[in-house]
Every structure is written in C-alpha cells, then in structure tokens.
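Trainee: I would like to learn how the terms are applied here. Please show me the structure first.

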Amino acid sequence: MSLRVAVAAPFIQNGTRRLEENEFVVALSLDRDWFSPDQAKRLIDVATGEGLLERGDDGLAVTFDPGEVTVPESFVPDEDLLRERSAFERVLDSLVAEGMEKHEAVGAINALQGELGLTIEAAAVVYARREGIGVEDLAPTAREAVLDTEDG
C-alpha cells in the first residue's frame, strides 16, 4: 500500500520509530521532494486517521514496523494519498495487500451487499473477516455508515 510506504520512508531514513512532526515534514518535502510542507502535514492527518501514525507529546510514532516496508527506488506517492479514504477503500486495500485481485474482491463485496442488504462499507468488513483478514479497526466506521443510512 503506497500510504504505508510514504509514511514509513521518513522513519526508515532516520532509523527510528519516532520523529518530531517537523522532521517528518522535512523528510517528505525537502529530502524526498514528494510533497509540499502543507501536503506532508495533511499526510500526517490522513495517516493518523488510518492508524498508521500516533501523535504524542514527543512527536509522531509509527504504529507498524517500518523495517518491514520496502521503499522502491523509483517510488513517488500519488497525491490521492492526501484524501481520506472510505472504510470500503481501506478494506479493499487490505484485501489487495493480502493478494486478492481487486476486481474479484469488489465483485464479491457487491454480491454480499445485495445478499445481506448492507452498506458497501459493512459488506466489505464482513467479507474481509470471512476471508480471515483483520479489519477490526474499520468495523466501527462501517457500523457508523450503517447507522447513518438508517437515520437518513
């Protein structure tokens, strides 16, 4: 997943699991020239929202092992990383990262959605769990989508 790669790069570069926010921004904007400083700050917000980073009094901490991430030499992150993704998109990324073909996953989730009468987010979480892929962190988001649908 390219978001994970973009987040991991500054930590790999500095050989640590914790960085000051300004160190993270400098690594992405000046050192790598991937984003402007404002975009790098936005990436922090997105990554924090997706549970890849945690903000604390002592800066940013990565929540996964950056040493397990490879940053390809030619890697340049897409600016789409700067927008928050829906629970469906995040589950789909998890499924693809586990080796599932994207079109197959989408088809199976759509079928499950129709079969169970769920929102696309809830169907994606149910499908991923049936496939043995841990997406427990997204279950509350999918639940909120169901409740929002019922309220509207």
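Mentor: Read along the sequence, the pattern of the protein chain is α-β-α-α-β-β-α-α-α-α. This is a predicted model, where local features need pLDDT of at least 70, side-chain atom pairs count only at pLDDT 80 or more, and totals for chains, interfaces and linings use all residues. Residues are numbered from 1 along each chain as its sequence is written, and side-chain values use heavy atoms, with hydrogens and water left out.

Trainee: What makes a stretch a helix or a strand, and how many are there in the protein chain?

Mentor: Helices are DSSP runs of H or I with at least four residues, and strands are runs of E with at least two, numbered from the N terminus. The protein chain has seven helices and three strands.

Trainee: Why is α4 called oblique to α5?

Mentor: The axes of α4 (residues 87–97) and α5 (residues 102–116) cross at roughly 130° and come within 9 Å. Axes are lines fitted to C-alpha atoms, for helices over the stretch in contact, and angles run from 0 to 180 degrees between N-to-C directions. Under 35 degrees is roughly parallel, over 145 roughly antiparallel, 65 to 115 roughly perpendicular, and the rest oblique. Therefore α4 is oblique to α5.

Trainee: Which residues of α4 and α5 meet?

Mentor: F88, L92, L95 and V96 in α4 meet K102, A105, V106 and I109 in α5. Contact means heavy atoms within 4.5 Å.

Trainee: How many residues of the protein chain count as buried?

Mentor: Buried means under 20% relative accessible area, with a 1.4 Å probe and protein chains only. Of the 152 residues of the protein chain, 39% count as buried.

Conventions
Buried means under 20% relative accessible area, exposed over 50%, partly exposed in between (1.4 Å probe, protein chains only).
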